Structures are given as C-alpha cells and as structure tokens.
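I am opening a notebook on this structure and will set down, entry by entry, what I looked up.

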Amino acid sequence: MSHQVLTDTFKLPAGSAPLACVDIGGTKVAVNIVDAMGVRGKVSEPTAVSGDNDALARQIIRLIGQSCSASGVAVDSVARVGVASCGPFVLNQGQVELAAPNICGGQAGPARGLPNDWKTALLEAPLRQRFAQVRVEND
C-alpha cells in the first residue's frame, strides 16, 4: 500500500475538487483543505468532549467551514472528507462511531474525569449529512 503524506508541497492535480483532511486526537482536532494550490487553511482546537455525543462531529463540520474560509474555498465545493483518528471504533447501522476512552467518558469511567457519559461519539453519520463522501480511518 502506498501512503501519501501531506506536506506543504503536496497538491492535487489542476481542476481537482478540494478535499478536507481531518485529524482527531485525544487533545485536539486539526483540519486542512487540500486542492490544486496545496495544503491550506490549517485550523485546530481542543477536541470536543462535552455536550451531546454528536459534539465532535459538529466541531469537525464547523472547523471544515473555518478551514475553507481561511483558504478561500467554498464549503460546498469540498468533494470528500477524510478523517484519521485513534480508535477503537464501532459500526452502528454501517456508520463509524468513535469509542475511544480518552474522548468517550462512558468508555473510560468516572476516574478518567471526562465531562460526558458517551459510549460512542457519533462521527460518520453526521458528517455524511453534510458531505457526500466521507472516509474514516484509524491512524
């Protein structure tokens, strides 16, 4: 398998629709837009761990919008969203949900001190409501 690593010199072919690249970590979420001009519009903030269990997906959608704005790219032109995240994952009706104990308090238990009782964080389903093509992979 060949792996492409995003660097400052990575560009998509001319005329390619932009992609949103998302990295979910236990402490931060980072988003970039990649298009024919390269990797642009990096935004990041601490990982959402409070509120409803769709908070992380809503955060990602908002950060994609911010990244697009910083890049001068229309959100509606984003063709695909790629998400790299720590696991573990579960499938719920064919959609990937995150079940990471460093994000989901219902997995970690009260000793971890997370401000939620999520067994899973919704991920793929809310993103697919906004973007037609979404791919979630374990990093």
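**Entry 1: a hairpin**

I began with strand 5 and strand 6, which form a hairpin with 2 residues between them, and I noted that Gln93 in the turn has a positive phi of about 55 degrees. I keep in mind throughout that this is a predicted model. Strand 5 covers residues 89-92 and strand 6 covers residues 95-98, and I found them paired in the antiparallel sense over 4 bridges. For Asn92, I looked up the bridge partner in strand 6 and found Gln95. Strand 6 also pairs with strand 7, residues 121-122, again in the antiparallel sense, over 2 bridges; there Leu98 stands opposite Ala121 of strand 7.

Next I traced an open sheet of 5 strands, whose order is 3-2-1-4-8 and whose pairing is mixed. Strand 3 (38-46) and strand 8 (134-138) each have a single partner strand and stand at the edges, so one side of each is left without a neighbour in the sheet. On average, neighbouring strands of this sheet are turned by 15 degrees against each other, direction ignored. I then followed strand 4 (residues 80-85), which pairs with strand 8 in the parallel sense over 5 bridges, and I noted Val134 in strand 8 as the bridge partner of Val81. Helix 1 packs on the sheet, where I found it touching strand 1 (19-24), strand 2 (28-35), strand 3 and strand 4, and its direction makes about 140 degrees with that of strand 3.

**Entry 2: the core**

Which residues of the largest nonpolar core touch the most other members? I found that they are Val22, Ile24, Ile60, Ile64 and Val81, out of the 32 residues in that core. Strand 1, strand 2, helix 1, strand 4, strand 6 and strand 8 each supply at least two residues of this core, and the largest share, 6 residues, comes from helix 1. Looking at Val22 by itself, and leaving aside residues up to four places away in sequence, I listed its contacts, among them Val29, Val31, Ile60, Ile64, Val81 and Val83.

**Entry 3: Cys68**

Is Cys68 buried or exposed? Cys68, which has its place in helix 1 (residues 55-71), is buried, because its relative accessible area is 0% and the cut-off for buried is under 20%. Not counting residues up to four places away in sequence, Cys68 touches Ile33, Val73, Ala74, Val75 and Val78. I also looked up Pro18, which is 50 residues from Cys68 in sequence and 9.3 Å from Cys68 in space, C-alpha to C-alpha.

Key
Residues numbered from 1 in each chain as written. Predicted model: local features only at pLDDT ≥ 70, side-chain atom pairs only at ≥ 80, totals over all residues. Heavy atoms only, no water. Pairing = 2+ DSSP bridges. Buried < 20%, exposed > 50% of the residue type's maximum accessible area, 1.4 Å probe, protein only. Contact = heavy atoms within 4.5 Å. Axes fitted to C-alpha atoms, helices over the stretch in contact; angles between N-to-C directions. Core = buried A, V, L, I, M, F, W, Y, C linked by side-chain atoms within 4.5 Å.
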